[in-house]
Amino acid sequence: MMPTTQPNGKKTLIPRQIVARYSEKAYQAMLAEVNLSPKPGLVDRFNCGAHRDMTIEDFYRSARVIYPWLSRFIEQGASSIHLEESDVICTLRPVGLACEEAMFRATAGVNTHKGTIFSLGLMFAAIGRLYAQRQHLSPDNICKTVAAFCRGLTERELSKHNEMETAGKRLYRRFGLTGARGQAEAGYPLVIALALPHYKAQLAAGVNPDLALLDTLLLLIARNDDTNVASRGGIEGLEWIKCEAKRLLCQGGMRLAANLPRLQKFDRLCIARNLSPGGSADLLIITWFLAEISSFTPNPTSL
């Protein structure tokens, strides 16, 4: 059991099997995303996409390093129930930064999963808090709790002027793009309202799981204002990749294996334009993870 302290001094015990189960699914989600092939502009089993500084082995090493840190996020979230929700994110930063440092050491400085650490860290903290509060661990509740953690985050980190002019701040100032912060603060609407139901519907219809996931990735690319793409190709590159994804979806998407050559062509075009929809890949990891845990969320009456 994993103990966390309650405001009254009592301990809440989070069963280690629950921590292990969620952590294992998150690890599998990272592998499911990187192994999914072919993907437009992204590292996969066939090529390194638009990236010259990373390989699929970097993602494997990164995922293995991140895996043991997830329990720390759950523990931090469970021990935070005496705090206001919007104050929790400050307590998560040291854990997130330490996890990032471990990732960079494992990959020799390559940023494979920084966005994933941000999103999964928030979700695992939400799982810990909800468990400690004896709330149902549904995808909706998890994402709503993440939104509460991130209330005001975009304003604090992207709107205010200071010496650190990051790519995210430039894109927000010029185009109003909020990236991963905006999705988290809104409770991941692209996942909850779009990708997750789409992916589940494809599986229910008997579509091959990999094709269903590829189709869901296309849907995310078509709708996501991906700051990874915008930072590489500007707003023109972002509009182009969204239009190409929509075109593929209108042609039947990836629900049919016969359309794979069209996706391979899309991949080649993204590589030629140096575009990589990494933000959509992060959302796909969340989608797969939430789809998997939907089947075993503990009943609050049994907590």
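**Entry 1: a pair within helix α2.** I began with D58 and R61, which are three residues apart in helix α2 (residues 56–66) and therefore separated by about one helical turn. The model is a predicted one. I found that D58 and R61 form a salt bridge, with their closest N and O atoms 2.6 Å apart. D58 counts as buried because its relative accessibility is 8%, under the 20% limit. R61, at 33%, is partly exposed.

**Entry 2: pairs between elements.** I then looked up E157 and R93, whose side chains meet in a salt bridge of 2.4 Å, N to O. E157 lies in helix α7 (residues 153–159) and R93 in helix α4 (residues 88–106), so the pair ties together parts that are 64 residues apart in sequence. I noted that R93, E157 and R181 are linked in a network of salt bridges. K242 also forms a salt bridge, with D225, at 2.6 Å between the closest N and O atoms. K242 lies in helix α12 (residues 227–250), and D225 in the loop between α11 (209–223) and α12. K242 is buried at 10% relative accessibility, whereas D225 is partly exposed at 36%. The count of salt bridges comes to eight.

**Entry 3: helices α3 and α5.** I examined helix α3 (residues 70–78) and helix α5 (residues 114–132), whose axes come within 6 Å and cross at roughly 45 degrees. The two helices are therefore oblique to each other, and their crossing is right-handed. The residues that meet include F73 and I74 in α3, and L120 and F124 in α5. By class, this contact has 10 nonpolar, three polar and one charged residues.

**Entry 4: T116.** Finally, I looked up T116, which lies in helix α5 and counts as buried at 1% relative accessibility. Leaving aside neighbours within four places in sequence, I found T116 in contact with M30, G121, D282 and I285.

How values were computed. Residues are numbered from 1 along each chain as its sequence is written. This is a predicted model: local features need pLDDT of at least 70, side-chain atom pairs count only at pLDDT 80 or more; totals for chains, interfaces and linings use all residues. Side-chain values use heavy atoms; hydrogens and water are left out. Axes are lines fitted to C-alpha atoms, for helices over the stretch in contact, and angles run from 0 to 180 degrees between N-to-C directions. Helices (H or I, at least four residues) and strands (E, at least two) are DSSP runs, numbered from the N terminus. Angles under 35 degrees count as roughly parallel, over 145 as roughly antiparallel, 65 to 115 as roughly perpendicular and the rest as oblique. A crossing is left-handed if the near helix is turned anticlockwise from the far one by less than a right angle, and right-handed if clockwise. Contact means heavy atoms within 4.5 Å. Ala, Val, Leu, Ile, Met, Phe, Trp, Tyr, Cys and Pro count as nonpolar, Asp, Glu, Lys and Arg as charged, and the others, Gly among them, as polar. Buried means under 20% relative accessible area, exposed over 50%, partly exposed in between (1.4 Å probe, protein chains only). A salt bridge is a side-chain nitrogen of Lys or Arg within 4 Å of a carboxyl oxygen of Asp or Glu.
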